[in-house]
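This report looks at a few residues and segments of the chain shown below, taking each in turn.

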Amino acid sequence: MEPITNTEELRTLCEKLRQFEYVTVDTEFMRDSTYWPQLCLVQVAGPDPTDNGAAIDPLAPGIDLTPLFDMMQDESVVKVFHAARQDIEIFVHLSGKVPHPVFDTQVAAMVLGYGDQVGYETLVNKVVRKNIDKSMRFTDWSHRPLSTKQLSYALSDVTHLRVIYEEFHERLAANGRSYWLAEEMDRLTDPSIYSIEPKDAWLRLKTRSNSPKFLAVARALGEWRETEAQRKNLPRNRVLRDDTLLDIAARQPMTEKDLDKTRGVGRNFGSSKPGQSIVEAIQAALDSPQEDWPQPKFRPELPAGIGPTVELLKVLLKLCSEEKGVAQRLVASSDDLQNIAADDNADVAAMHGWRREMFGEYALQLKHGKIGLKLKDGEVAFVELSGGDEA
């Protein structure tokens with residue numbers, strides 16, 4: 001059992017895989033000490049149950065991954081992942097393109113009622129009826145050579161995955177939910193969610209003030225840190241911790257000595273090159289036109305007295321989700337329910353696509369007295385009501 005280490009072997013493999021309807025894919029990567037994930041291994045397998053799959057070594061000297069990237073863009077081949085977000089991010093970083101089309105078995109499991117963000121190991125146990133050897137879970141995938149045990153463990157991820165995919169694909173088609181998953185995959189493969197723009201990095205911060213001045217400085221510091229992290233290929237918090245960044249944004253030190261008084265920075269940090277860059281970023285933010293400063297997000301005040309309506313919607317969500325065998329978290333969030341309670345035309349995910357069909361329409365009917373909820377034999381059930389307001 002040897003991984004593929006040269007471009008010609010990779011091209012031959014990918015030409016073979018592109019003849020299939022689907023290919024299962026998994027990656028092993030390291031990210032503990034870098035900003036960009038270091039891709040250490042790619043595992044792929046086709047539908048043939050007698051095929052043990054193939055491992056591709058992206059760290060092999062001279063290997064060109066272009067044949068793999070081309071296969072990831074082949075519209076005739078479905079790329080099957082489990083919890084695909086990080087895998088897709090890696091391919092986007094290396095190739096500049098989002099793999100397509102994609103089938104994520106974790107999302108499919110939520111659509112099929114396996115619960116919220118069900119783990120791969122759980123699916124293997126429940127669907128494939130096998131247990132995964134956990135001994136290689138925390139292995140160093142960047143170390144070479146990889147052992148037979150490591151490769152066997154890695155390849156089992158894609159061989160088990162095809163069993164899960166085939167069962168889920170069949171079940172989704174049988175219960176008419178294939179288009180539900182298709183909607184979710186459209187969102188997952190939206191290139192915009194994998195775009196990392198330093199100027200938007202501050203939006204990830206849990207800011208503790210709505211002051212435009214504070215937000216302007218936080219934005220400048222977030223952009224500076226993101227640029228530094230990308231340039232040095234270091235984790236963000238290795239460059240500057242979130243709490244330190246927010247403390248600097250709140251204090252807004254204008255001199256190197258003032259910066260040195262901030263908790264979490266090293267001694268004489270202010271006189272260092274990064275320290276000087278931070279002071280310059282703060283000054284530039286404060287000197288920028290105030291009309292360009294970020295404005296706090298407007299959160300409309302919810303009408304008084306909607307609490308009971310929200311609670312009823314929570315019961316309705318649970319009822320609809322259990323009846324359809326779908327994870328509640330995939331259908332609607334607590335914020336969604338509050339917004340629906342306040343506004344029939346709330347622009348939330350639960351009021352669009354398959355979610356509206358499954359839950360949103362019933363939510364409106366409940367709000368306007370067209371349906372009710374009752375206990376029947378100890379269980380909550382729908383009851384149709386005469387009259388009611390117009391929804």
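## Leucine 123 in helix α5

In this predicted model, leucine 123 belongs to helix α5, which comprises residues 120–128. Leucine 123 counts as buried because its relative accessible area is 0%, the limit for that term being under 20%.

Leaving out neighbours within four places in sequence, leucine 123 is in contact with His82, Thr105, Ala109, Tyr114, Val118, Val128, Ile164 and Phe168. Glutamine 106 lies 17 residues from leucine 123 along the chain, and the C-alpha atoms of the two are separated by 8.7 Å.

## Helix α6 and the glycine after it

Following α6 is glycine 176, which has a positive phi near 70°.

## The annotated HRDC span

According to an unreviewed UniProt entry, residues 211–292 carry the annotation "domain: HRDC". In the model, residues 211–292 are 67% helix and 0% strand, and the end C-alpha atoms of this span lie 13 Å apart.

## Proline 294 in a loop

Proline 294 sits in the loop that joins α12 (273–287) and α13 (307–324), and with a relative accessible area of 7% proline 294 is buried. Not counting residues up to four places away in sequence, proline 294 touches Trp202, Pro212, Leu215, Ala216 and Arg219. Aspartate 247 is 47 residues from proline 294 along the chain, with 18 Å separating their C-alpha atoms.

Notes
Residues numbered from 1 in each chain as written. Predicted model: local features only at pLDDT ≥ 70, side-chain atom pairs only at ≥ 80, totals over all residues. Heavy atoms only, no water. Helix = DSSP H or I, 4+ residues; strand = E, 2+ residues; numbered from the N terminus. UniProt positions renumbered as here; feature names shortened; annotations may be inferred. Buried < 20%, exposed > 50% of the residue type's maximum accessible area, 1.4 Å probe, protein only. Contact = heavy atoms within 4.5 Å.
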